[in-house]
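Good morning, and thank you for joining this group meeting. Please look at the sequence and the structure as I show them now.

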Amino acid sequence: MSPSPHLLSDAEVARFVVNGYHLLEPDLPTGLNESIAQKLDALGHNPGDAITEAVPELWQVLDHPQVKGVLTSLLGPGYEVQSHRHWHCKPPGSPHMNWHQDGLNNRDLFINHFLGLYYPRTVSADMGPTIIVPGTQFRNAPTDRMATYTNIRGQVPLVVKGGTVAFTHYDLWHGTGANRSSVKRHMIKFLFRRTQDNIAPTWNHDPATLNRPHDWNQRGQAEDVNNILTFANPLRVSQSDHYKERSIRQACWNHLMGAAQR
Ligand SMILES: O=C(O)CCC(=O)C(=O)O
């Protein structure tokens, strides 16, 4: 693919593989986020998949070049916006949601589908943010047990600016805080799917960044693929666990690079 200002870099793709999420603050037209939030405030019922008919302005988010850039980078240019979508409204006083993984417990070790969570209104810590656990996307856990876990090390509350889109791996562990504020927290969940295996990278790829030597000072903070895939350890797991994780990451990266086609 020829370089584009909206496609991700190698380091950003590698970080998605490792952490299972990527945050974007697209440069949306002035007033769009607030007008979407106000329309959602006024909705009397949840229209399910028809949320985009009730609030057609949501297409301006999905069609934004920066949003398309992330989707193209991670799923290829033929990605599909799936017909299922859902408005998650957390009104004031709503309780927390237990940890869970979406999907059917058949883990996808490659990046063949994922979610886009759009927050039209700024989410503060007391508004019931989505809480994700970076690095859990390749880890299966019994759903009933996971629901009893409490404060998981490494969790990240998505305390975000209005207009943020959080792209999250389908299997990332997540839940929410309680909404203790007096404001409705809105999130629209979209699903995206790959339709074709890559035959080459679909992001701004620079072959020169591959195979850099180990950087024992920067480790996972380094800005090249090799060091990110080798060292990053968002869950701070043990060394033997990390070895296993690394081989899954590498297979995922190779798949994105188009290795399956060669
Ligand atoms: O409302 C949220 O922030 C999270 C919703 C959720 O966990 C889900 O859609 O699976």
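**A strand pair, its sheet and the ligand shell**

Strands here are DSSP runs (E, at least two residues), numbered from the N terminus. The model is a predicted one, in which local features need pLDDT of at least 70, side-chain atom pairs count only at pLDDT 80 or more, and totals for chains, interfaces and linings use all residues. Residue numbers start from 1 along each chain as its sequence is written.

Strand S4 (residues 113-119) pairs with S9 in the antiparallel sense over 6 bridges; pairing requires that DSSP finds at least two bridges between two strands. Both belong to an open sheet of 5 strands, ordered S1-S7-S4-S9-S2, with antiparallel pairing. At its edges are strand S1 (21-24) and S2, each of which pairs on one side only.

Which strands each supply at least two residues of the shell around the ligand? They are strand S2 (80-90), strand S8 (174-176) and strand S9 (185-193). Lys-189, the residue with which I began, is one of the residues around the ligand, and others include His-88, Asp-102 and His-174.

Finally, the domain assignment, which is automatic or from a database, gives domain 1 (10-193) and domain 2 (209-261). Their C-alpha centres lie 25 Å apart. In contact are 17 residues of domain 1 and 18 residues of domain 2, where contact means C-beta atoms, placed from the backbone, within 7 Å.

Methods
Near = placed C-beta within 6 Å. Helix = DSSP H or I, 4+ residues; strand = E, 2+ residues; numbered from the N terminus. Contact = placed C-beta atoms within 7 Å.
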